[in-house]
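Keep the viewer open as you read.

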Amino acid sequence: MPEVGPNNPARFLYSTKTKYEFQFGYSRAVRHGNVIRVAGTAGLDEDGQVVSDDVVDQTRRAIEIIRAALQDLGGDLRDVIMTRIYVRNTHDIDAVAVIHGDVFRDIRPATSIVKVDFVDPHILVEIEAEAVYGGGDARTLR
């Protein structure tokens, strides 16, 4: 269940309780009105460790975490309008694109992909997402 923002009752926060969220003072995802933004999400397990040294496994896990955050805040992957993909190695782009395509092919959000160096050298991919939902059939928090 999302937490109500401490300084704004119209803002809802989703946390995966990672040490980085606490250390840097951020939320995994924030819903304000009908907009949900999901912070850069790596393929980590509940203990904050990468799920695998395989970029495909890390990509799948990152998308699972994003899906859970969106759903907890009342949205869905179908509401995603933008993804930003960060990869450590350019040779992983095709493998990441296949997984991203499997999930988003019919949704077709605007997407960027960027090569970066991560603080944790075991992280191979990280994904951000932005979603907008609602209109005439606006959903409420579940």
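Strand S4 supplies four residues to the lining of the largest pocket, the largest share. Before going further, note that this is a predicted model, in which local features need pLDDT of at least 70, side-chain atom pairs count only at pLDDT 80 or more, and totals for chains, interfaces and linings use all residues. Residues are numbered from 1 along each chain as its sequence is written, and side-chain values use heavy atoms, with hydrogens and water left out.

A few terms, then. Helices (H or I, at least four residues) and strands (E, at least two) are DSSP runs, numbered from the N terminus. A pocket is an open set of points on a 1 Å grid over the protein atoms alone, where a 1.4 Å probe fits and protein lies on both sides within 12 Å along at least five of seven lines; lining residues have an atom within 4 Å of a point. Its volume is the space filled by probe spheres set on the points, with grid points joined across faces, edges and corners.

Back to the largest pocket: it holds about 690 Å³ of space. Its lining takes in 30 residues, and nearest the centre you'll find Tyr 20, Tyr 26, Arg 28, Leu 44 and Ile 123. Helix H1 (19–24), strand S4 (35–42) and helix H2 (55–72) are the elements that each give two or more residues. By class, the lining has 13 nonpolar, seven polar and 10 charged residues (Ala, Val, Leu, Ile, Met, Phe, Trp, Tyr, Cys and Pro count as nonpolar, Asp, Glu, Lys and Arg as charged, and the others, Gly among them, as polar).

The second largest pocket comes in at about 210 Å³. It is lined by 13 residues, with Glu 3, Gly 5, Pro 6, Leu 13 and Ser 27 closest to its centre. Strand S2 gives the most to this lining, three residues.

Now look at H2 again, this time next to helix H3 (residues 93–104): their axes come within 9 Å and cross at roughly 30°. Axes here are lines fitted to C-alpha atoms, for helices over the stretch in contact, and angles run from 0 to 180 degrees between N-to-C directions. H2 and H3 are therefore roughly parallel (angles under 35 degrees count as such). Val 55, Val 56, Thr 59, Arg 60 and Ile 63 of H2 meet Ala 95, Val 96, Ile 99 and Val 103 of H3 in this contact (heavy atoms within 4.5 Å).

Conventions:
Angles under 35 degrees count as roughly parallel, over 145 as roughly antiparallel, 65 to 115 as roughly perpendicular and the rest as oblique.
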